[in-house]
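Dear colleague,

Please find the structure below for your records.

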Amino acid sequence: MASALQLPVDDSVLFQVSHANIKSFSTELRLSLQTTIESVKEKLWRKCGTSVASMLLQLFDDSGSKICDLTDDSRPLGFFSPHDGYRLHIVDLDPSSLTSGGWLEDTSLVEKYTISEEAYDKLDNNFRKFKEKMASQHATGNQNKLSDNYMEDLCANIKVGDRCQIEPGEKRGVVKFVGKAETAGHGYWVGIQYDEPLGKHDGTVKGKRYFDCPPQHGALLRPDKVKVGNFPERDPFDEEEI
């Protein structure tokens with residue numbers, strides 16, 4: 001007579017795991033009932049960082065009631081008759097452990113490195129000096145590249161009062177200024193009063209007034225962006241302009 005088929009018996013239990021010092025620590029771990037408490041501690045050490053020697057394990061049932069402390073490392077888990085949903089709670093007995101005092105969760109507890117302004121300025125290389133150096137080189141480079149007459153030739157056919165369109169963008173307006181604008185940069189500029197409040201100012205740039213226009217209607221642009229010609233104001237009710 002053929003013997004009955006023997007199915008393997010699953011002797012594992014699914015535990016919830018928590019840590020006394022790390023409130024955010026929560027995981028699930030399936031363990032064989034044959035696993036010793038010492039082996040369980042070794043597995044948990046890799047997950048939470050609490051050493052085996054400093055770890056006290058407590059067993060709670062699925063209702064949250066404490067069953068016992070698992071102090072005998074040689075005992076198998078099956079000795080305590082746990083079920084799925086039971087919780088293993090880790091207590092770190094080492095007061096100097098990294099997990100104590102909330103160090104792993106609250107970064108405000110970590111002492112911050114500080115340095116005085118005077119000491120920082122004495123450093124040969126710091127970010128502030130690097131930033132100042134780059135800004136100086138950028139400003140010098142721009143001054144060397146742009147002459148006082150930069151784009152003057154493009155202003156020959158642009159006059160105050162001309163209707164214009166800005167490219168790209170196709171914003172329309174009227175020319176209000178043509179010439180040098182020191183506060184904007186080297187070379188020649190064209191001041192525009194837009195037909196609509198699409199600008200950045202009222203004709204004043206960095207404290208100096210170059211022309212007058214309503215607030216948020218003014219712009220100071222390079223002449224290569226300005227195209228003069230028959231560009232009447234758009235009718236907002238014209239369907240072709242929608």
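The chain contains three helices and twelve strands, taken as DSSP runs numbered from the N terminus (helices H or I, at least four residues; strands E, at least two). The model is predicted, so local features need pLDDT of at least 70 and side-chain atom pairs count only at pLDDT 80 or more, while totals for chains, interfaces and linings use all residues. Residues are numbered from 1 along each chain as its sequence is written, and side-chain values use heavy atoms, with hydrogens and water left out.

An open sheet of five strands runs in the order E2-E1-E5-E3-E4, with mixed pairing; two strands pair if DSSP finds at least two bridges between them. E2 and E4 stand at the edges with a single partner strand each, so one side of each has no neighbour in the sheet. E1 and E5 pair in the parallel sense over four bridges, and the bridge partner of His19 in E5 is Ile90.

Helix H1 comprises residues 37-48. Its buried residues are Ile37, Val40, Lys41, Leu44 and Cys48, where buried means under 20% relative accessible area (1.4 Å probe, protein chains only). They lie on the same side of H1, because they cover an arc of only 100° around the axis, as given by the directions from the helix axis to the C-beta atoms. Their cover includes strands E1, E2, E3, E4 and E5. After H1 comes Gly49, with a positive phi near 90°.

Of the 242 residues of the chain, 33% count as buried.

Note on methods: The expected span of a helix is 1.5 Å times one less than its number of residues. Buried means under 20% relative accessible area, exposed over 50%, partly exposed in between (1.4 Å probe, protein chains only). Contact means heavy atoms within 4.5 Å.
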